[in-house]
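Please view the sequence and the structure together before reading on.

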Amino acid sequence: MSHPLLAELATLLPANALVTAADKLAPRLLDQRKRMQGQTLGLALPSSTAEVVQIVQACRRHGVVIVPQGGNTGLVGGATPMQANSLIVGSDKLNRIRALDPAGYTLTAEAGCILDDIRTAAESADRLFPLWLGSSGSARLGGLVGTNAGGLQVQRYGNTRELVLGIEAVLADGRIYQGLHTLRKRNAGYDLKQLFIGAEGTLGFVTAATLRLFPAERSEAVALVALPDPEAVLALFAQAKAQLGEVLTAFEMIDAEALRIMAKHFPSIAQPFSPIPPCAALIALSGGEAEQVLNERLAELLIAAGHEDAALAQDGSQAKALWALREHIPAAQTREGPSIKHDLALPISAIPAFVRAARAALAEQLPEARPVVFGHMGDGNLHFNLGWPRREDFEQAEARANALLFDLTLAHGGDLSAEHGIGRLRLAEADARHDPVERALMREIKATLDPDGVFNPGVLV
Ligand SMILES: Cc1cc2nc3c(=O)[nH]c(=O)nc-3n(C[C@H](O)[C@H](O)[C@H](O)COP(=O)(O)OP(=O)(O)OC[C@H]3O[C@@H](n4cnc5c(N)ncnc54)[C@H](O)[C@@H]3O)c2cc1C
């Protein structure tokens with residue numbers, strides 16, 4: 001332990017709270033997409049807010065920067081330390097559920113709690129915490145808050161920003177921001193907790209959050225509908241929202257190429273349509289009603305919309321299989337080969353025009369790219385990914401595809417990240433394409449809360 005920070009931390013923290021062994025650090029240094037290889041002095045694993053304060057103060061004294069890390073499942077490299085002079089602060093041991101109030105519909109959890117465990121704790125009190133992502137088994141609350149995670153039920157319940165009532169965070173000067181309110185209504189000026197949500201670890205270390213809970217859901221109805229084009233998907237979405245109201249939990253779009261690679265790489269996940277249709281919509285309803293009631297409401301929608309030939313899940317295992325078809329698309333893409341990924345935000349009604357324009361522009365300018373288009377259509381969030389045939393010129397193709405798709409996205413009133421964030425991956429593009437006043441305000445907020453740049457330099461701002 002040569003660095004003086006490590007020597008000091010060794011005196012401040014319990015023995016197992018400081019990790020420097022190369023093999024233990026290795027998985028913490030590689031980002032989820034295996035595109036960034038980081039470096040660090042070590043990993044600190046505090047068990048309490050007081051220990052986080054001590055770590056932050058020690059890092060300041062030694063001029064070492066802090067990279068907050070949760071489950072390391074983020075997709076934009078925000079949790080990867082790229083400076084040798086850095087310390088990863090992991091939330092793993094901050095893993096207590098501090099309070100659960102079923103009558104008040106709130107749960108307070110520490111930053112290291114894994115999303116699945118939070119959902120299970122809520123379930124144990126007959127309540128629902130609705131955040132649900134492909135990474136629910138690994139992502140931790142501090143990371144979910146840090147990225148303002150979205151996922152599969154935003155359509156109904158909103159993203160993390162809408163699910164958090166209060167935040168506790170350790171600031172760069174070692175003060176604790178005690179904003180762990182459980183209040184639904186609190187009108188007291190600037191909503192400071194929102195600053196930490198989506199801040200990607202740049203303004204402080206989130207140690208705990210109070211979350212909104214909802215009544216437990218007792219049933220689900222799921223259908224996959226074959227459709228001729230994105231215009232038909234949009235029309236069905238508009239009708240579903242009007243006819244179903246609150247019980248509409250998810251509305252996902254899946255294109256033919258996504259279904260084709262699913263059939264190729266996951267043949268055990270049954271596909272209801274043959275031949276593969278140009279487009280499909282996955283519609284999910286959930287609520288406290290009996291399953292039959294939800295199934296009837298979904299069937300009524302499909303009849304009213306003229307889509308009687310849709311595949312309507314008859315039981316829980318069929319519903320799971322339809323969801324699996326949607327959830328395994330990223331894995332199918334990995335098996336298919338290199339892919340250029342985009343997490344685009346678009347006005348919902350602009351999605352069909354955008355998809356057409358993007359396909360046409362790609363066919364002309366990057367004809368080897370194979371669009372795999374899917375995503376949370378009902379949230380205005382498309383994962384417009386591109387399969388690319390080779391590794392050799394992947395980076396050049398990616399740069400061209402990004403320029404083309406981001407230009408088109410902005411021209412359609414959209415933005416370059418809907419749920420994954422900016423991180424390191426999209427920093428240059430955010431600086432180049434976002435409103436300069438917005439970027440300047442973010443830098444000014446960062447300079448106010450973290451004047452010496454202790455937290456996550458090179459990420460977001
Ligand atoms: C299979 C898969 C599916 C996914 N699906 C979705 C999806 O549907 N929707 C979606 O939005 N994302 C999705 N993601 C991305 C990812 O899971 C989320 O971004 C998640 O919120 C990250 O949580 P984490 O604990 O892994 O955070 P990390 O990756 O460890 O960190 C993410 C960011 O948060 C910061 N951070 C971490 N902990 C703290 C803390 N205590 N205080 C302050 N800042 C902190 C980090 O510095 C970093 O900038 C998916 C990822 C995978 C691998």
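Is Asn-456 buried or exposed? In this predicted model, Asn-456 counts as buried, at 1% relative accessibility. The residue is found in the segment after α17, a helix that spans residues 436-449.

**Backbone features**

Asn-456 also has a backbone feature to note: a positive phi of about 45°, although the residue is not a glycine. Glu-200 likewise is not a glycine and has a positive phi, of about 55°. Glu-200 lies in the loop between α8 (193-196) and β10 (205-212). With a relative accessible area of 9%, Glu-200 is buried, because the limit for that class is under 20%.

The two residues are set side by side below.

| Residue | Phi | Relative accessible area | Location |
|---|---|---|---|
| Glu-200 | about 55° | 9% | loop between α8 and β10 |
| Asn-456 | about 45° | 1% | segment after α17 |

A further backbone feature concerns a peptide bond. Ser-274 and Pro-275 are joined by a cis peptide bond, with omega of about 0°. Pro-275 belongs to the loop between α10 and β14, the latter covering residues 279-287.

**Helix α13**

Helix α13 comprises residues 329-336, and its buried residues are Ile-329, Ala-332 and Gln-333. Seen down the axis of α13, these buried residues fall within an arc of 100°, so they line one face of the helix. On the other side of α13, Thr-334 and Arg-335 are exposed. The cover over the buried residues of α13 includes two helices, α10 (256-265) and α12 (316-327). Strands also take part in that cover, among them β13 (248-255), β16 (339-340), β18 (370-376) and β19 (381-387). Just after α13, the backbone of Gly-337 takes a positive phi of about 140°.

**The ligand and its shell**

Which residues are closest to the ligand? They are Pro-68, Gly-70, Thr-73, Gly-74 and Ser-135, out of 33 residues that surround the ligand. In the side chain of Thr-73, an N or O atom is 2.6 Å from an oxygen atom of the ligand. For Gly-74, a backbone N or O atom lies 2.7 Å from a ligand oxygen atom. A polar backbone atom of Gly-143 is 3.4 Å from an oxygen atom of the ligand. On its own, the ligand has 980 Å² of accessible area, of which the protein covers 90%.

The shell around the ligand can also be described by element and by class. At least two of its residues are supplied by each of β3 (65-69), α5 (141-147) and β10. The largest share, five residues, comes from α5. By class, the shell has 20 polar, ten nonpolar and three charged residues.

**Gln-69 in strand β3**

Strand β3, one of the elements that supply the shell, contains Gln-69. This residue counts as buried, at 3% relative accessibility. What is Gln-69 in contact with, leaving aside its neighbours within four places in sequence? Its contacts are Arg-28, Ala-79, Ile-88, Val-89, Gly-90 and Ser-91.

Key: Residues are numbered from 1 along each chain as its sequence is written. This is a predicted model: local features need pLDDT of at least 70, side-chain atom pairs count only at pLDDT 80 or more; totals for chains, interfaces and linings use all residues. Side-chain values use heavy atoms; hydrogens and water are left out. Buried means under 20% relative accessible area, exposed over 50%, partly exposed in between (1.4 Å probe, protein chains only). Helices (H or I, at least four residues) and strands (E, at least two) are DSSP runs, numbered from the N terminus. The arc is that of the directions from the helix axis to the C-beta atoms. Contact means heavy atoms within 4.5 Å. A residue is near a molecule or strand if one of its heavy atoms lies within 4 Å of it. A polar contact is a pair of N or O atoms within 3.5 Å; within protein, one must be able to donate a hydrogen and the other to accept it, and residues adjacent in sequence count only if both atoms are side-chain atoms. Accessible areas come from the Shrake-Rupley method with a 1.4 Å probe; for residues, only the protein chains shown count as cover. Ala, Val, Leu, Ile, Met, Phe, Trp, Tyr, Cys and Pro count as nonpolar, Asp, Glu, Lys and Arg as charged, and the others, Gly among them, as polar.
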